[in-house]
Amino acid sequence: MDPMKKGYIRTYLMIPIDFIPLMLAVTIGLYAYEGRTAGTTMLVVTVFYSAIIISAYFAEKKKIKDEILKFAADYGTVQKHLLTNFQLPYAVLDENGRFLWMNETFSEKTGEDPAYKKSIANLFPELSREVLEKITDEPQKIRVKHEDHIYDALLQKMDFKTDNTKANGDFASMLGGTLISVMLIDETAHEKLKKSFNDQKLVTGLIYIDNYDETIDSLDDDVKKSLIRAIIDRKIAKYFRDADAIIRKTDTDKYFIIFQQKYLKKLEENKFSILDDIKNTKVGNDREVTLSIGLGKGAKNYQQSAEYARAAIDLALGRGGSQAVIKSKNHVYYYGVRGKEIEKSTRVKARVKAQALREMMEPKDSVIVMGHQITDVDALGAAVGVYCAARELGKKCQIVLNTITTSLRPLVDKFTPEDGYPEDMFITSERAIELVNDNTLVMVVDTNRPSYTECPELLKKSASIVVFDHHRQGSERIENPILSYIEPYASSACEMIAETLQYFSDRMQLAPQEADCIYAGILIDTNNFMTKTGVRTFEAAAYLKRCGADVTRVRKLLREDMATYKARAEVVRHAEVYRGSFAISVCQTQDVESPTIVGAQASNELLNIVGIKASFVMTEYKGKIYVSARSIDEIDVQLIMERLGGGGHLNVAGAQISDATVDEVRQRIKDILDAMIEEGEIRE
C-alpha cells in the first residue's frame, strides 16, 4: 500500500488540531502589531478552540477507530464472500505448488475438499514444480486436463517480500513470502466445438493406379481385363465406403474422392491397408497392381485442399508409387513406403523427358549443371551426360564442382584441354553465381533437395531449373522447376541420363571417357550391379558399352589408395551390432580425403556379415554428420533415415545432420530403431 494512502485518514482527522499552532502565531502577531487588547482577545479564542478540539479528538478517537475497523472487517468479509462464491475456479498456492486455499467452484470442478493441502501437480500433472518455478508476476496461460475437462490455467506469482506494510510483512513471513494464484477457465465446450469443426472439414484426395497400362496389357483375355478393372473399382469403393466418401472415376486409372476429416484418423491407423489389398489382386496378371494416394487436409478452403492433394499425389508418384501421402500446410505424412519401387518397362516417359529437355536447352545461351554437396561419381557422371547433351546443341555447359575428392580425381582428369575440353568445364559455386543470367538453364542432378545442392544460391538466381534425380521426394524440394524428372525406380542418375541421351538426338555421340564416367556412376550406385538393378539398368549399361565404355578401364579409374582401404576396414572392425541385426559404426576422417564415400562403401561391406539386416555408418565431415544406411531386402532404411531428417530408397538411404555429435546421432538411430520395432514397422 502507498504510504500516502495509508496515512490519509489520520491526516484528515488532524486538520483541526493543526490549526492550533496557526492560531497561536496569529495571537503573537496581534500582540506585536495591534496591541494588548487584540492579542488578548485572540488568545482567549485560541485557548477556547484548542480545548474544544482536543477534547473532541480524544473523546471521539476510539469511536472513529472502531468504526474504521468495523468497516474494514465488513469489507474483508464481503471480499472473502465474493471470492469464495466466485463463479470461476480460483485457488492460492504456496511457492512449492501446495494448496493454501481454494474457492467452492474450484473444489467442485476438481472434486477435492476445500481443505485439500497437497500439490496441484496431483490434480494437474502439467503444472509440475519445474513449471511453477517459471511463473512470473505476469499472468501465464497453461493448457491442463482433469478427467474429461480441458482448462486454461491462468497462473500469476504474488511476491510479498518487498511490500511496505507491517501487516503484509507479517503475512509474508507466515506464508514464506511468495504465493501463486490459479484461475481455471473451462475450455471443454470450446475444444469440442473446435474438434467438431475440424472433423467436418473436407479432405480432398486423388487416387492413381501406378501401373494400369502395364497390368492391362499383360492380360490377353478381354474378360480378364474387364474383371480386373471391376475388382479394382470395387476394392477402392469398399475401402472408402467406411469413410463415407464420395468417389468419382475421372479416368481409366484415376479417381477423385472427398470425405470428412474425422474419418482420416481411422485410415491412418490401418496405414491405408488398401495399398496392400490392391497388390493382392490377381486375375492372371503377372504384375502387382499398385496405387498412389494423395490427400490434402487442414486447408482453409476447398481450392487449397485440392492443391494440397495435387502436391501429395506428386510426392507419392515421385517416391515410386504404392503409397499414400497426406499433405497439410506445414507437414507431410507418408504411408505404405515399405515396398520396392515399381519399375516401369516402358521408355515412353524417358523419351518425352528427353525431348522436353532439348526444348528447354535450345532457347538458352548456356547451361550450368550441379549435383549434391561432396559430389560423388553418380552426380559427376550425370553432369557429364548433361554436358554431352548441351554440346550436341552447341550450348556452353559448365559443371559446378567445389571439391574434387580422391575418388573423382581420376575421372575429372580425363576432361582436360589436351583432350579437347574447355578449361572452365568445372567451376566453383562463386563463379557459377557470377555467370548465371536470364538465358542460363540451371540443371540439378542426383538430388531434389535444394539444401543438398552444391550451390543453393544458384536456384534463387534462376527461373529456368531442370531436375533429374532418382531419389524419393521428401517435404523439402526444389520449387517450380520448368522440368522435373524424378524416377525412384532408377538405380542411379547416370541410368536416367543414359536413357535420356538415347532419345535426345539421333546424332548423339559419346567419347569413351564420357561413356566411362557415366558407366562408373551406375556401377557405384548399384554396388557393381548388386543393388537396385532392373532391366533398364542393364539396357543403359549396354548403351554405354556401345558408346565405348570399357569395364576394365572403369575399374582402374575407381581403384582406391591404401589409406582409404584401411579406413573402410576399420569401420567394419569397430562396428557395433545393435539388437543382433543392425550394424552401427563410425568412419574416422584422418588421412582420408573422401570420408563420406568411405562411409558409404563400408556400409555396403557390413551387409556381407551374416545376420546383419541393415547397416548405419556415421561420418563427421565439415561440421555435419553424414549417415549412410544400407540394407538388402528386409529393412526399409529410407523410413529410418526420414525420421532422422534424410531420405533415399528402400535399400540405400542417408541423412545429413547439423548441430549434433556422433554419439548423439548414434543414440538417435538406436531410439528410432527401438520405436519402429515397438510400432511394428520393423520385425526383428
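In what follows, a residue counts as buried when its relative accessible area is under 20%. With that cut-off in mind, I shall present selected features of this chain, which is a predicted model.

I begin with the chain as a whole. It has 684 residues, of which 49% count as buried. Its secondary structure consists of 25 helices and 23 strands.

The cut-off applies directly to strand E9, residues 291-296. Six of the six residues of E9 are buried, so the strand is largely enclosed by the rest of the structure. Leu291, Ile293 and Leu295 point one way from E9, while Ser292, Gly294 and Gly296 point the other way. Both sets are buried.

Which strands pair with E9? One is strand E6, residues 202-209, which is joined to E9 in the antiparallel sense over six bridges. In that pairing, isoleucine 207 stands opposite isoleucine 293 of E9. Another is strand E10, residues 323-327, whose pairing with E9 is parallel and runs over five bridges. Here glycine 296 is found opposite lysine 327 of E10.

I turn next to an open sheet of five strands. The order is E2-E1-E5-E4-E3, and the pairing is antiparallel. Strand E2, at 99-102, and strand E3, at 140-146, stand at the edges; each has a single partner strand, so one side of each is left without a neighbour in the sheet. On average, and ignoring direction, neighbouring strands of this sheet are turned by 30° against each other.

Let me go through the pairings. Strand E1, residues 90-94, pairs with strand E5, residues 178-186, over five antiparallel bridges, and leucine 93 stands opposite isoleucine 180 in E5. E5 also pairs with E4, again in the antiparallel sense, over nine bridges. In this pairing, methionine 158 faces leucine 179 of E5. Strand E4, residues 149-159, is in turn joined to E3 by seven bridges, with the two strands running antiparallel. Isoleucine 142 stands opposite alanine 153 in E4. E3 and E4 form a hairpin with two residues between the strands, and glutamate 147 in that hairpin takes a positive phi near 55°.

Two packed helices are described by the angle between their axes and the distance between the axes. For helix H19, residues 512-525, and helix H20, residues 535-546, the angle is about 160° and the axes are 9 Å apart. H19 and H20 are therefore roughly antiparallel to each other, given that the cut-off is over 145 degrees. Their crossing is left-handed. On the H19 side, Ala515, Ile518, Tyr519 and Ile522 take part, and they meet Thr537, Ala540, Ala541, Leu544 and Lys545 of H20. By class, the residues of this contact comprise seven nonpolar, one polar and one charged.

Why does alanine 350 count as buried? Its relative accessibility is 0%, and the cut-off is under 20%. Leaving aside residues up to four places away in sequence, alanine 350 touches Tyr485, Glu499, Tyr503 and Arg536. Isoleucine 497 is 147 residues from alanine 350 along the chain, yet their C-alpha atoms are separated by 9.2 Å.

Note on methods. Residues numbered from 1 in each chain as written. Predicted model: local features only at pLDDT ≥ 70, side-chain atom pairs only at ≥ 80, totals over all residues. Heavy atoms only, no water. Buried < 20%, exposed > 50% of the residue type's maximum accessible area, 1.4 Å probe, protein only. Contact = heavy atoms within 4.5 Å. Pairing = 2+ DSSP bridges. Helix = DSSP H or I, 4+ residues; strand = E, 2+ residues; numbered from the N terminus. Axes fitted to C-alpha atoms, helices over the stretch in contact; angles between N-to-C directions. Parallel < 35°, antiparallel > 145°, perpendicular 65-115°, else oblique. Left-handed = near helix turned anticlockwise from the far one by under 90°. Nonpolar A, V, L, I, M, F, W, Y, C, P; charged D, E, K, R; others polar.
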